[in-house]
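Colleague: I would like to learn how to read a few features of a structure, taking each general idea before the particular case.
Modeller: Then let us look at the structure together.

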Amino acid sequence: MPSPVTTAPILVTGANGFIATQLISDLLAAGYRVRGTVRSVEKGTEQLRALPGAAERLELVSAELLAEGAYDAPMKGVTHVVHTASPYSMNVADPQRDLVDPAVQGTRNVLMAAHRAGGVQRVVLTSSMAAITDEPGSDHVLTEADWNVKSTLTRNPYYLSKTLAEKEGWRIVEAEKTRFDLVVINPFVVIGPSIAPSLNASNQIFVDMLKGVYPGIMSLTWGMVDVRDVARAHQLALETSSAKGRYLCAAETISMREVVGLLREHGYGQGTKLPSMGMDHAVGDVLVKLTSHFQPSGIGSYLRTHVGRVPRFDHGKIERELGLSFRPIRQSILDTMVDLKRWKHLAG
Ligand code: NAP
């Protein structure tokens, strides 16, 4: 196990988010001091403040991604930064304003503040599989060498925001010859128990399945990873001095049919609208793609680029270089379901 890398506070942006809250919980448990940035220090931070060690070692400060210079003061005395803050939504009114601008300008803002501060040694950036591909195909095994080259403001704009934000990160490191090195984590669909009460867009998949949002079992297959493994990946990226480049972070793939079967087997079919009609065949795919045009545009383009496709990936780099091992995803799904009830996102 790597030893603690710093006695200075670790700066974590978007501290109240799904992934960041888990990371901060782990960092505090490991004895680190943490300075978390949030948009509002007062609102929605109770769970963070209640974490063991928070009273002594967690400081919360406010910062908005689009506010020029907002991260200069939080960066004072910091040697290690984790930049997680970025809007995560598949469906927004104005993709440029609501997704791309905060993601890209926010990354620039945080990294330039780290550069100006002078003492920062490492920045870990939470990117996404969205920066790797927006149209996985079973004929290609995805690795860190892959870049999403297809997303646009009308086609999977969230994916575009993550691709452009990560590229901006690498551009700054190169152009500014920063003293810090950049390490990037590219998680796939992150699920799992949440320390934060808000319902994350990924865990929403399970809520939607039970609420009847899906008319049938579609041929969708997700690469998934547990939030506790994603948090661990970020901590290992901070602590492993030899960490370098991007790290694809996904445990395994699971199809909608397999998820539905698992949930039914564990009693989640009773009194819910868990889909049963099979649409995971060639005719179903055509139907889903046709009807996708009546969905909100972000959801529609996601369906058109993902239905009938099975992502394949190689997560060997993160296992070898950071020593991460992944939890079995079926157990993570079951843990998620218990947690969704705990937070009352699902009827109990
Ligand atoms: P989340 O819970 O929605 O967290 C997003 C965080 O970003 C929140 O703290 C949010 O603050 C902050 N944020 C958004 N817009 C902001 C702005 N304009 N100024 C300041 N802060 C802002 O989502 P998450 O899943 O933890 O996501 C964290 C990171 O992981 C993101 O970069 C996301 O793209 C990436 N990621 C997530 C997944 C996944 O499946 N969950 C997969 C791959 C990558 P507010 O609470 O104030 O909105």
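**Reading a pocket, a helix pair and a ring pair**

Modeller: In this predicted model, the lining of the second largest pocket divides into four nonpolar, six polar and two charged residues.

Colleague: Which residues line the second largest pocket, and how much space lies in it?

Modeller: The lining consists of Leu210, Lys211, Gly267, Tyr268, Gln270, Gly271, Thr272, Lys341, His345, Leu346, Ala347 and Gly348, and about 190 Å³ of space lies in this second largest pocket.

Colleague: How should I read the arrangement of helix 6 and helix 8, and at what angle do their axes cross?

Modeller: The axes of helix 6 (residues 204–211) and helix 8 (residues 256–265) come within 12 Å and cross at roughly 70°; an angle of 65 to 115 degrees counts as roughly perpendicular, and therefore helix 6 and helix 8 are described as roughly perpendicular to each other.

Colleague: Which residues of helix 6 and helix 8 meet?

Modeller: From helix 6, Phe206, Met209 and Leu210 meet Met256, Val259, Val260 and Leu263 of helix 8, and the residues of this contact divide into seven nonpolar, no polar and no charged.

Colleague: How is a pair of aromatic rings described, and how many aromatic pairs are counted here?

Modeller: Such a pair is described by the distance of the ring centres and the angle of the planes. The count comes to three aromatic pairs, including Tyr88 and Tyr158, a tilted pair with 4.9 Å centre to centre and 45° between the planes. This pair links distant parts of the chain, 70 residues apart, with Tyr88 in the loop between strand 4 (80–83) and helix 4 (95–117) and Tyr158 in helix 5 (residues 157–176).

How values were computed:
Residues are numbered from 1 along each chain as its sequence is written. This is a predicted model: local features need pLDDT of at least 70, side-chain atom pairs count only at pLDDT 80 or more; totals for chains, interfaces and linings use all residues. Side-chain values use heavy atoms; hydrogens and water are left out. Axes are lines fitted to C-alpha atoms, for helices over the stretch in contact, and angles run from 0 to 180 degrees between N-to-C directions. Helices (H or I, at least four residues) and strands (E, at least two) are DSSP runs, numbered from the N terminus. Angles under 35 degrees count as roughly parallel, over 145 as roughly antiparallel, 65 to 115 as roughly perpendicular and the rest as oblique. Contact means heavy atoms within 4.5 Å. Ala, Val, Leu, Ile, Met, Phe, Trp, Tyr, Cys and Pro count as nonpolar, Asp, Glu, Lys and Arg as charged, and the others, Gly among them, as polar. On a 1 Å grid over the protein atoms alone, a cavity is a set of points where a 1.4 Å probe fits but cannot get out, and a pocket is an open set with protein on both sides within 12 Å along at least five of seven lines; lining residues have an atom within 4 Å of a point. Grid points are joined across faces, edges and corners, and a volume is the space filled by probe spheres set on the points. Rings of Phe, Tyr and Trp (its six-membered ring) pair if their centres lie within 6.5 Å; planes under 30 degrees apart count as stacked, over 60 as edge-to-face and the rest as tilted.
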